[in-house]
Amino acid sequence: MKQDKEIVLTGITTTGTPHLGNYVGAIRPAIEASRDARVQPFYFLADYHALIKCQEPERIKQSTLEIAATWLALGLDTDNAVFYRQSDVPEITELTWIISCVTAKGLMNRAHAYKAAVAENQEKGEKDPDKGITMGLYCYPILMAADILLFKARKIPVGKDQIQHIEMARDIAARFNHIYGEHFVLPEAVVQEEGAVLQGLDGRKMSKSYNNTIPLFLPEKKLRKMIMKIKTNSLPPEAPKDPETCTLFSIFQAFASNEEVEQLRQRYHQGIAWGEMKQYLFEYINEHVKDARARYQELLQHPEEIEHRLKQGAARAREVAAPFMVEIREAVGIAPLTR
Ligand code: ADP
Ligand code: TRP
């Protein structure tokens, strides 16, 4: 693997089924980037992160399978991108401990996810503000820092909610470098543009947490049914409609060309019936996903193929990680006594 390329790294937590929002905001741009020979992407299934939020083993396993199949079906270029499962790279957890020992507890006290959990306890009037909070949740930014620092990744594409974690990874890296010398690259968040946020069935941001998602690879009939469920206003069919406040339009926009969007905008101004618009949106998205969906279904029938590709990815990741961990261990004074 050439090391002169810019390293771009991102993790996908394995707790759910990919939805259209994940596709538009994260998967599609990442796959496009995987085809750019100037960058070296590292994309991984963050299954250790998943344990923080989910204690249902079957769900973690199923989600790992579905997410891996999704990325492969959509044509992730695994010759260029290193695609692996976090838990197949033991150097990540090893590094987590080493950097834990330079991470200030106060830094973790300030993490949004932890603070939100404490605030929730306080609102509920709990005596113990840490009630129900695991060390996994508390230390999660350190695991994430290890994911990033181990591969000397510079650019980290993430959603807004993750910016703080990247800043923490920088802080931890700088602290380590200050004590032990320059070993880590300081990472930077690359935040997706605001415009790319896709709305869900109820018009809010499409998110697992709101239960308003449209899974990316729903079978055709179910996809149609779900699109029919998207909330609209109650204007009569012939009335002119405002595209800018319409969920159907905003979803269409995320898939169509500028020209197609412009044409549809005119139709809104002239008056388009909601039933017709929903059917049109369904056909458009269905056409867009159908080939990948067939490959996805095929891959789900062959988990051994997916496993094989993940293992290959992990082997490539470890080619980088293992020698770097020797360097890091030596830096902190953990090394063979004789050579
Ligand atoms: P969810 O909100 O469903 O739990 P995640 O937080 O797991 O989704 O998001 C995974 C990735 O998908 C992130 O990079 C996030 O920015 C992106 N993403 C999630 N929902 C949307 C959306 N509605 N529009 C655009 N991108 C999204
Ligand atoms: N925590 C990220 C999320 O919830 C996923 C993730 C784990 C990640 N490790 C990472 C993202 C490293 C970027 C880099 O979305």
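1. His49 and ligand 2. A polar side-chain atom of His49 sits 3.4 Å from a nitrogen atom of ligand 2. Polar contacts here are pairs of N or O atoms within 3.5 Å; within protein, one must be able to donate a hydrogen and the other to accept it, and residues adjacent in sequence count only if both atoms are side-chain atoms.

2. Basis. This is a predicted model, in which local features need pLDDT of at least 70, side-chain atom pairs count only at pLDDT 80 or more, and totals for chains, interfaces and linings use all residues. Residues are numbered from 1 along each chain as its sequence is written, chains are lettered from A and ligands numbered from 1 in the order in which they are written, and side-chain values use heavy atoms, with hydrogens and water left out.

3. Other polar contacts of ligand 2. Gln162 places a polar side-chain atom 3.1 Å from a nitrogen atom of ligand 2. For Thr13, a side-chain N or O atom is 3.5 Å from an oxygen atom of ligand 2. On its own, ligand 2 has 360 Å² of accessible area, and the protein covers 89% of that (Shrake-Rupley method, 1.4 Å probe; for residues, only the protein chains shown count as cover).

4. Shell of ligand 2. Two or more residues each come from strand E1 (6–13), strand E2 (39–46), helix H7 (135–149) and strand E4 (155–158). Helices (H or I, at least four residues) and strands (E, at least two) are DSSP runs, numbered from the N terminus. There are 14 residues around ligand 2; His49, Tyr140, Met144, Asp147 and Gln162 come nearest. A residue counts as near if one of its heavy atoms lies within 4 Å. By class, the shell has eight nonpolar, five polar and one charged residues.

5. Ligand 1. A backbone N or O atom of Leu198 lies 2.8 Å from a nitrogen atom of ligand 1. For Gly21, a backbone N or O atom is 3.1 Å from a nitrogen atom of this ligand. The side chain of Ser207 has an N or O atom 2.7 Å from an oxygen atom of ligand 1. Taken alone, ligand 1 exposes 540 Å², of which the protein buries 77%.

6. Shell of ligand 1. Of its 14 residues, His19, Leu198, Met206, Ser207 and Lys208 come nearest. The shell divides into five nonpolar, seven polar and two charged residues.

7. Helix packing. The axes of H10 (residues 247–255) and H12 (residues 274–300) come within 10 Å and cross at roughly 25°. H10 is therefore roughly parallel to H12 (angles under 35 degrees; over 145 is roughly antiparallel, 65 to 115 roughly perpendicular, the rest oblique). H10 and H11 (residues 258–270) pack at about 165°, axes 10 Å apart, and are therefore roughly antiparallel. Axes are lines fitted to C-alpha atoms, for helices over the stretch in contact, and angles run from 0 to 180 degrees between N-to-C directions.

Conventions. Ala, Val, Leu, Ile, Met, Phe, Trp, Tyr, Cys and Pro count as nonpolar, Asp, Glu, Lys and Arg as charged, and the others, Gly among them, as polar.
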